[in-house]
Amino acid sequence: MSVLFFKRFLKRPFQIASIMPSSQALVERVASKIDFDRARVIAEYGPGEGVHSRALAQRMRPDAQLLLFELDPHFSRDLARQFADDLRVRVINANAATIRSELAQRGIAYCDYIISGIPFSILEIEKKRNLLRQTHDALAPGGAFIIYQVTNELRQHATDFAPDSESEYFLQNIPPMFITVFRKAGELNGNGAIDPAESRFTSNYAR
Ligand SMILES: C[S@@+](CC[C@H](N)C(=O)[O-])C[C@H]1O[C@@H](n2cnc3c(N)ncnc32)[C@H](O)[C@@H]1O
């Protein structure tokens with residue numbers, strides 16, 4: 001078990017909402033939902049100590065970008081250290097709900113995929129709906145929002161997304177999780193995510 005993870009859970013139990021990171025089996029399963037050949041911009045909400053982030057970075061194209069939105073400053077610092085040598089990865093120590101302004105600041109039009117490990121089920125209803133709205137608007141047409149959650153209640157709120165969401169109950173994790181893929185209507189072409197006129201590498205997490 002990750003010591004940092006457990007310490008942060010003790011400090012902020014409702015924000016971290018789990019005593020241990022995702023299992024390697026869950027990480028592999030979530031990654032299998034992504035077409036890495038087409039993914040130019042991936043965002044991850046609530047990476048924690050980075051178990052999914054490392055798998056995403058290993059599979060990503062050399063010209064892809066990974067934006068990590070993590071509220072907890074200790075996790076953010078540790079992620080910045082882990083990815084210090086990988087210029088494709090930026091750590092953003094902020095609420096995931098700020099995604100659209102963070103994309104705009106970096107000259108990025110859309111994300112192709114957004115992965116979420118944040119505990120949606122314990123968010124107040126208005127925060128939940130706002131985050132879903134921001135997520136939908138931040139995705140490219142044909143892009144996907146992939147979540148793993150203890151409950152599957154988010155489905156009833158994700159009304160902006162195409163109605164054919166796929167969901168599975170994945171047992172090889174403690175606790176078992178629903179993995180759900182919500183798609184934004186349209187066709188993912190893998191070319192529209194970055195505005196080439198504005199795309200630039202800005203500094204990672206402020207150190
Ligand atoms: C259950 S942990 C998941 C950690 C990791 N993704 C994993 O699978 O092991 C939830 C993480 O989401 C972060 N978090 C919670 N709400 C957030 C928000 N609104 N924006 C960004 N991160 C958030 C927490 O700080 C915590 O690191």
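Student: In which helix is the place of Gln82?

Tutor: Keep in mind that this is a predicted model. Gln82 has its place in helix 5, which covers residues 73–82.

Student: How should I read the accessibility of Gln82: is this residue buried, partly exposed or exposed?

Tutor: The general idea is to compare the relative accessible area with two cut-offs, since buried means under 20% and exposed means over 50%, with partly exposed in between. Gln82 counts as partly exposed because its relative accessibility is 26%.

Student: Which residues is Gln82 in contact with, once its neighbours within four places in sequence are left aside?

Tutor: Gln82 is then in contact with Glu49 and Arg54. With Arg54 there is a polar contact between the side chains, at 2.8 Å. As for Glu49, this residue lies 33 residues from Gln82 in sequence, while the C-alpha atoms of the two are 9.5 Å apart in space.

Student: What part of the contacts in the protein chain, counting those with a separation of 6 or more, comes from residues 24 or more positions apart?

Tutor: Such residues account for 72% of those contacts.

Student: How many helices and strands does the protein chain have, and in what order do the elements run?

Tutor: There are 7 helices and 7 strands in the protein chain, and from the N terminus on their order is α-α-α-β-α-β-α-β-α-β-α-β-β-β.

Student: And what can be said about burial and surface for the protein chain as a whole?

Tutor: Of the 207 residues in the protein chain, 52% are buried. The chain exposes about 9,900 Å², and 53% of that area is supplied by carbon and sulfur atoms.

Conventions: Residues are numbered from 1 along each chain as its sequence is written. This is a predicted model: local features need pLDDT of at least 70, side-chain atom pairs count only at pLDDT 80 or more; totals for chains, interfaces and linings use all residues. Side-chain values use heavy atoms; hydrogens and water are left out. Helices (H or I, at least four residues) and strands (E, at least two) are DSSP runs, numbered from the N terminus. Buried means under 20% relative accessible area, exposed over 50%, partly exposed in between (1.4 Å probe, protein chains only). Contact means heavy atoms within 4.5 Å. Accessible areas come from the Shrake-Rupley method with a 1.4 Å probe; for residues, only the protein chains shown count as cover. A polar contact is a pair of N or O atoms within 3.5 Å; within protein, one must be able to donate a hydrogen and the other to accept it, and residues adjacent in sequence count only if both atoms are side-chain atoms.
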